[in-house]
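Colleague: I would like to learn how to read the fold and the packing of a chain. Please start with the general idea each time and then turn to the case.

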Amino acid sequence: MGLQLDFAFEGFRLIRARPKLIALWGIVTLFGYGIATLVLVATAGPVLPVLSGAGAHPPDTINEAAALQALTGLLSAAPIWLLTQAVVACAVCRAGLEDGEDPFGYLRFGIREVQVLAVMAVTAMLTFMVTVSVISLAGLLGLGAAFTGVASVLGTLAGCFVQVRLSLNVPQSFVLRRVDLFGSVPLTRGSFWPLAGGYVMAFALACIVDYLGETVIRAVVAVLFGDGAATGIPDMSSLSAFVTPAHTVQLAMLLGLVMPQVSAILLGAPLAAWKALSPSVAPAAAVSRLQ
């Protein structure tokens with residue numbers, strides 16, 4: 001039997017079985033993603049409004065200094081973001097492989113989290129390199145400006161292909177207790193399209209949860225601070241403009257209540273797919289390796 005697309009619902013199943021995970025994981029996402037966001041605003045805030053509206057600005061308004069400042073901000077925030085994601089990913093793996101309850105929401109910090117962090121970081125770099133390489137190759141061929149959009153699409157598709165083929169390396173590394181970056185490749189052979197379809201479903205579900213959550217949060221902020229305070233796009237030009245009372249409440253609710261649900265959906269899907277495609281690893285053997 002082929003891979004069933006219902007693996008995309010694994011995150012929902014985990015949260016429905018253990019609702020308190022939202023609160024426990026929410027503490028981690030609020031702290032980790034919150035710190036990463038503040039670091040990004042503090043280091044790259046002045047240039048973010050220009051870059052976010054790059055399509056509306058002439059190319060010469062986005063100078064090298066602005067691009068360098070934005071890159072510095074991203075590189076400063078990325079390790080904190082990835083570390084938070086690795087901690088939650090390991091908690092999702094434990095929740096999906098263990099039975100029973102855990103008073104700490106399966107949250108730990110040790111060598112397992114460091115290994116998963118390394119796997120996530122290298123996978124992200126490989127995906128980025130493949131995407132940029134494909135786009136750059138089109139530029140070197142000199143196919144003209146008309147081909148730029150096609151090259152961007154091809155580069156994005158190439159990056160997505162790499163992401164899908166390496167998508168099981170987090171649960172694989174978690175269970176094997178070692179960095180196994182390419183062990184996902186043989187596991188995903190022959191299952192690319194079911195995996196891609198399931199990940200699209202999981203992403204769509206995450207977007208729906210995020211949209212509904214943000215809608216409710218904006219309504220709450222509007223009641224507390226007035227209609228004008230419930231803005232969808234905050235001012236990230238500086239920390240003082242970003243950290244207003246209304247937006248602080250809005251961001252805290254988003255990161256603490258919505259983000260753990262989104263994370264469970266996006267990180268639970270690869271775990272369920274790994275369990276379906278790794279019949280050689282018995283559940284009991286997998287659980288015995290968790291602690």
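Modeller: Helices here are DSSP runs of H or I with at least four residues, strands are runs of E with at least two, and both are numbered from the N terminus. This is a predicted model. Read along the sequence, its chain gives the pattern α-α-α-α-α-α-α-α-α-α-α-α.

Colleague: How many helices and how many strands are there in the chain?

Modeller: The chain has 12 helices and zero strands.

Colleague: How much of the chain is buried?

Modeller: Buried means under 20% relative accessible area. By that cut-off, 42% of the 291 residues count as buried. The chain exposes about 14800 Å², with 73% of it supplied by carbon and sulfur atoms.

Colleague: Which residues touch the most other members of the largest nonpolar core?

Modeller: They are Phe7, Trp25, Leu195 and Tyr199, in a core of 59 residues. Two or more residues come from each of α1 (10-17), α2 (20-44), α4 (64-97), α5 (111-140), α7 (169-176), α9 (192-225) and α11 (245-277). The most come from α11, which gives 16 residues. A second, separate core has eight residues, among them Ala36, Leu40, Leu48 and Ala66.

Colleague: What is Trp25 in contact with, leaving aside its neighbours within four places in sequence?

Modeller: Trp25 contacts Ala91, Val92, Ala95, Gly105, Leu107, Pro260 and Ala264.

Colleague: And what share of the contacts in the chain with a separation of 6 or more is between residues 24 or more positions apart?

Modeller: Such pairs account for 77% of those contacts.

Note on methods. Residues numbered from 1 in each chain as written. Predicted model: local features only at pLDDT ≥ 70, side-chain atom pairs only at ≥ 80, totals over all residues. Heavy atoms only, no water. Core = buried A, V, L, I, M, F, W, Y, C linked by side-chain atoms within 4.5 Å. Buried < 20%, exposed > 50% of the residue type's maximum accessible area, 1.4 Å probe, protein only. Contact = heavy atoms within 4.5 Å. Areas by Shrake-Rupley, 256 points an atom, 1.4 Å probe, with all protein chains shown as cover.
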